[in-house]
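Visitor: Could you show me how to read this model, one feature at a time?
Guide: Gladly, let us look at it together.

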Amino acid sequence: LLYKTGDLARWMPDGNIEFLGRSDFQVKYRGFRIELGEIEAVISSHPAVMETVVLLKSPYEIIEQRLVAYIVAEKDKNLTDKELRSFIQPLLPEYMLPSHIVFLEKMPLTVNGKYDRKALPDPPVRCTDTVFDFEAPGTALEQWI
């Protein structure tokens with residue numbers, strides 16, 4: 001018995017099923033199923049945004065996966081990260097807010113004219129992206145060490 005879930009798989013010669021990925025852009029992030037197109041639609045509703053792609057990426061393979069929004073904005077609008085975040089924050093639940101916003105001159109395209117998601121750059125690593133949170137020494141011994 002099979003039913004359509006959006007998962008791509010294939011039968012192996014030994015009878016096992018090998019998972020290949022998803023046929024859509026639904027991801028699981030922090031325990032939530034997220035349709036990346038929903039985030040893209042909200043971001044695209046900003047009047048200065050021309051194109052947007054949202055991905056779940058692990059920048060430089062050193063930190064956990066993050067939602068990254070790639071934006072091509074109108075050149076004369078001077079859209080800022082802060083302005084875009086204040087626009088989308090009331091429209092999306094917190095778990096769907098991108099951790100990184102990367103502004104691009106133009107989106108990379110495949111030979112077929114579709115967005116080349118693999119060619120999108122990793123977002124810059126910020127000091128808040130560290131694996132461990134800093135905790136100041138609490139005792140005299142910890143300060144000495």
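Visitor: In what order do the three strands of the open sheet lie?

Guide: The general idea comes first: helices (H or I, at least four residues) and strands (E, at least two) are DSSP runs, numbered from the N terminus, and two strands pair if DSSP finds at least two bridges between them. Here the open sheet has the order S5-S6-S7, with mixed pairing. S5 and strand S7 (100–103) are the edge strands, each pairing on one side only. From one strand to the next, the twist averages 25°. Do keep in mind that this is a predicted model, in which local features need pLDDT of at least 70 and side-chain atom pairs count only at pLDDT 80 or more, while totals for chains, interfaces and linings use all residues. Residues are numbered from 1 along each chain as its sequence is written, and side-chain values use heavy atoms, with hydrogens and water left out.

Visitor: How many bridges join S5 to S6, and which way do they run?

Guide: S5 and S6 run antiparallel and are joined by eight bridges; Glu51, for example, has Val72 in S6 as its bridge partner. S6 and S7, by contrast, run parallel, with four bridges between them. There Ala69 stands opposite Ile101 in S7.

Visitor: Which strands does H1 touch where it packs on the sheet?

Guide: For this you need contacts, meaning heavy atoms within 4.5 Å, and axes, which are lines fitted to C-alpha atoms (for helices over the stretch in contact), with angles from 0 to 180 degrees between N-to-C directions. H1 touches S5 and S6, and its direction makes about 150° with that of S5. H2 lies across S5, S6 and S7 and runs at about 130° to S7.

Visitor: Why is S5 described as largely enclosed?

Guide: Think of accessibility: buried means under 20% relative accessible area, exposed over 50%, and partly exposed in between (1.4 Å probe, protein chains only). Seven of the nine residues of S5 are buried, so the rest of the structure largely encloses this strand. Over the protein's 145 residues, 32% count as buried.

Visitor: Which residues have the most contacts inside the largest nonpolar core?

Guide: In soluble globular proteins, nonpolar side chains tend to be buried together. A nonpolar core is a set of buried Ala, Val, Leu, Ile, Met, Phe, Trp, Tyr and Cys residues joined through side-chain atoms within 4.5 Å. The largest one here has 22 residues, and those with the most contacts inside it are Ile34, Ile39, Ile43, Leu67, Ile71 and Leu84. Strand S3 (26–29), H1, S5, strand S6 (66–73) and H2 each give two or more residues to this core. A second, separate core has nine residues, among them Val68, Tyr70, Val102 and Leu120. Beyond four places in sequence, the contacts of Ile39 include Leu67, Leu92 and Met96.

Visitor: Is His46 buried or exposed?

Guide: His46 counts as buried because its relative accessibility is 7%. His46 sits in the loop between helix H1 (36–44) and strand S5 (49–57). A polar atom of the His46 side chain lies 3.0 Å from the backbone nitrogen of Ala48. Apart from neighbours within four places in sequence, His46 contacts Leu79, Glu83, Leu84 and Phe87.

Visitor: And Glu40, is that residue buried or exposed?

Guide: Glu40 is buried, with a relative accessible area of 16%, and belongs to helix H1. Not counting residues up to four places away in sequence, Glu40 touches Thr52, Val53, Val54 and Arg117.

Visitor: Which residue in the turn of the S3 and S4 hairpin has a positive phi?

Guide: That is Arg30, at about 55°, in a hairpin with two residues between its strands. S3 and strand S4 (residues 32–35) run antiparallel, with four bridges joining them. S3 has Val27 and Tyr29 on a covered face, and Gln26 and Lys28 on an uncovered one. Asn78, in the loop between S6 and H2, has a positive phi of about 50° although it is not a glycine.

Visitor: Which element has the lowest mean pLDDT?

Guide: pLDDT is the predictor's confidence in each residue, from 0 to 100. Strand S2 (residues 17–22) has the lowest mean among the elements, 70, and helix H2 (residues 81–88) the highest, 93. The protein's mean pLDDT is 82, and 80% of its residues reach 70 or more. Where pLDDT is low, the predicted coordinates should not be read in detail.

How values were computed:
Polar contact = N/O pair within 3.5 Å; in protein donor to acceptor, adjacent residues only side chain to side chain.
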